[in-house]
Every structure is written in C-alpha cells, then in structure tokens.
Amino acid sequence: MDILTALLLLVHLIPVSAAKDGVSSKSRKRLMPNPVTEPPVTDPVYEALLYCNIPSMAERSMEGHAPHHFKLVSVHVFIRHGDRYPLYTIPKTKRPEVDCTLVANRKPYHPKLEAFVSHMAKGPGASFESPLNSLPLYPNHPLCEMGELTQTGVVQHLQNGQLLRDIYLKKHKLLPHNWSTEQLYLETTGKSRTLQSGLALLYGFLPDFDWKRIYFRHQPSALFCSGSCYCPVRNQYLEKEQRRQYLFRLKNGPLDRTYGDMARIVDIPIKQLRAANPIDSMLCHFCHNVSFPCTRSGCIDMEHFKVIKAHQLDDERERREKKLYFGYSLLGAHPILNQTIDRMQRAAQGKKGELFTLYSAHDVTLSPILSALGLSEARFPRFAARLIFELWQDREKPREHSVRILYNGIDFTFHTSFCQDHHKRSPKHMCPLENLVHFVKRDMFVALDGNSTNYYDACHREGA
C-alpha cells in the first residue's frame, strides 16, 4: 500500500466497509493533501488536485514582468470558469451534497466575498447582451444545480481578479482612473457559470465597479469563433479525434474492468455508466472532500477514480502524439486568435480601443488555443485556468511591440510555436508582435497542410 493511499484510508475517503444493511452511512469528509512538490512520475491523484485548484495561499505569478524600458499597452485574458457542480450524475447514486450559496465564514473564503454578493445584488437591470440579462449574477442554491458555479469557483476568480489588479492596475496603471466602457471588453458564453466567473474576476480586478460602465457581450460558441464558426474540415478533424479516443479506450483493459465493477455496484449496464461520464461526478466528490457514493452492492472508491483519471492523462498524451486534435485546434482557435491580434495591432498603432479584454470561457475554449500555440507541455485547463496575452511597447524604440503568453502565471512565451526559433537565435528578451501576427495569418495554415493560405480555404479544402 502506498503512503497516499494509507493517508486517504485514515481519513475515510476510501470506504473500508459498508453499514450493517450494506448502505453507506452519513457522508464522510476527508482532508485534502497539499501538493508541495511535483511527483517524479505522473500521479493521477496529484494531477486531480491540480485540476481542482483549491484556493489556498497567495499565488506567485510572472504576469507583468518585462525589462524596465517596456510599457504595458494592453492585456487579453482568457479564463475557464471556476469550480462547478457536475454536468452528469452517476445513476442510482445520491448527488454530492454541495451548497452553492455564498457564505462568508465557510471555506474557501475571500475577504471580498461578502462585498461581491452585495455588489451583485445591485446588478440586475444592468446592461448585458441578450440572453445574458436573464442569468443570475451569482450562485444561490442550497443544493447546487447541474453545472452551477460553487463558492470555490467564485473565490478562485476573486483571487484571479485581485492578482491581476495588483499587477496591471496598481503596478502598471493599465487603466486610467476614469476608464471608459470602450477600454474594457467583456465577452462570455450563455452559461451562468461563465458569466458569474467573469463577474467574480472583474470584481476582484475592479472592486465596486460602476455598473453603468460594464457591458458583457454574448458569445454563442464555446470556440468564440463569432461569425466564422462554419468550418467543415475542423469538424472532420474532431470526428477523427473522437474515433481515436474510442479506439484508445477499447485497448485499456484495467479501465474496462473498472467500469464493469462500477456498473455492478450501481446496478446498471456498463454502456449506461460510460454514457453518464462518471469522472465528472467523481471529480466533484474529490474536489469537495465528499466520499464517493456507496450502494448495497459496494462502494465506488479511490482505486476506481485513479484508474479513470490515469486513462484521461494517457489519452491526453496520445492525443498530442496523433496530431488529430492539433488539426482541430488550429482551425478551432484561429478565429479568436485572429480577433486578438487585430486588437493588438490597433493598440500598437495607437488607436483608441480596449486596454483590458476578458473572455470568460470553458475548457473546450482554452484547450484548442493552447494546442494551436504549440504548448504541448501545458496541462489541460484546470478550474479557473487563465491564459493571458500581454502587449508591450519598447520605450527606447516606440515602433517596436512585443508579446508575452502566460498560462496560470507561468511564462510560456518562448515555448510557443511562433517564438521558439526567435528565442534560440535572437538576444532580445521579448517576442516581437510580428511573430504572432505571421503565425496566425500564415503559419497556422502551413502547419495544417502547407497548401491553404487563409481560414476559408483551410476549412473547405477537399480530401482533408
């Protein structure tokens, strides 16, 4: 028995016996291990802890770092929504009991939590693009609804916002004191969890902001592709990737046995269990310190969880190797990357416009962008993940502008496809904006097939 398993047994996360009638007794709580150092080999439990992203101590980050003679011009932030209640339930089991009201004296806590709730209460009637104006501005159900943002999710983004405030407003004075609506661009999908996550980050960034100056735009697509969403070839790559996932799963004997054992415990066909996506619910139990469910036939336990999570990690590795998802990512991420560099170019030319842009999105938004940028070493987007594009101007050479790419506070600029070679052969400490422009306007299509020269051609070419 390994040390971690022994610790989890001690705090009763892994059920060692059922109640006398075979049914689990009252939900047990567990202590959350605190990951300090990264294990030498991939550990599914460690990776799950990183995915949960439980708010704890203040985070160290590399945002806002540049040589002293560089001036910050604009910032573009992509976030995944914070911790949420599952989108799926395991059939014939009790839903995990998670309270989605916001309570100041309950962990995880943030000093601005009460003020956030108070300020959100003033928001109904504010200017939001339809259908956002019909969504609640903060979670407020004693038993969470499916997919609802939790208090953990709110606190995660209050922390993100406060961190960005300390860097971009207090240190770099990115926004003037009398900032206007045009200098702040906000966009979100039509889910309450993304709108509420965006509002939580915004409140941490601009406490007690003026509602009259806030306008959230609605994005119908999780890819944030706006009017450029129709792309048949992108869908072909996705279908091939899904087929790869299916075949890869068939080859995993331990996974199949794990699903079979879980299906026996909850007394449903194995196909029904797979369709219920049990890892989604199990992650909620894991992240919220709630024991996995039990029935008269036994308990779903930590070993089940580790096998399924390990398969997810193996699947991510094969996904990178097979490159089908990479093709999907290039076409899926192009519209939003193209929109971002257009904004950067306008700012570099000194035109009035957005200084701070926030896209409140999903894992399926961030993951293609990370893949398209060539960040194979970047982990799958955790809850409240943040991806940031910074635009800088060289004060000594005002016509020269540079970009930085940061993911969860780590500077990945010189790991990206468009800046790896520059870093190897140039003494400059910053990556030229032109590199990103050329990548999005040309090199993405070269990486895709070497023949297409624009997004439309790449999306409609035959024989893909």
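Contact here means heavy atoms within 4.5 Å. The model is predicted, so to speak of local features requires pLDDT of at least 70, while side-chain atom pairs count only at pLDDT 80 or more and totals for chains, interfaces and linings use all residues. Residues are numbered from 1 along each chain as its sequence is written, and side-chain values use heavy atoms, with hydrogens and water left out.

Start at Thr-340, which lies in helix α11 (residues 324-348); helices (H or I, at least four residues) and strands (E, at least two) are DSSP runs, numbered from the N terminus. Thr-340 has 1% relative accessibility and therefore counts as buried (under 20% relative accessible area, with exposed over 50% and partly exposed in between; 1.4 Å probe, protein chains only). Leaving aside residues up to four places away in sequence, Thr-340 touches His-76, Phe-78, Tyr-359 and Phe-389.

Ser-226 sits in the loop between β3 (216-218) and α6 and is partly exposed, with a relative accessible area of 38%.

Two cis peptide bonds can be found in loops. One runs from Lys-107 to Pro-108, with omega near -5 degrees, and Pro-108 is in the loop between β1 (70-80) and α3 (113-120). Another runs from Ser-130 to Pro-131, with omega near 10 degrees, and Pro-131 is in the loop between α3 and α4 (151-171).
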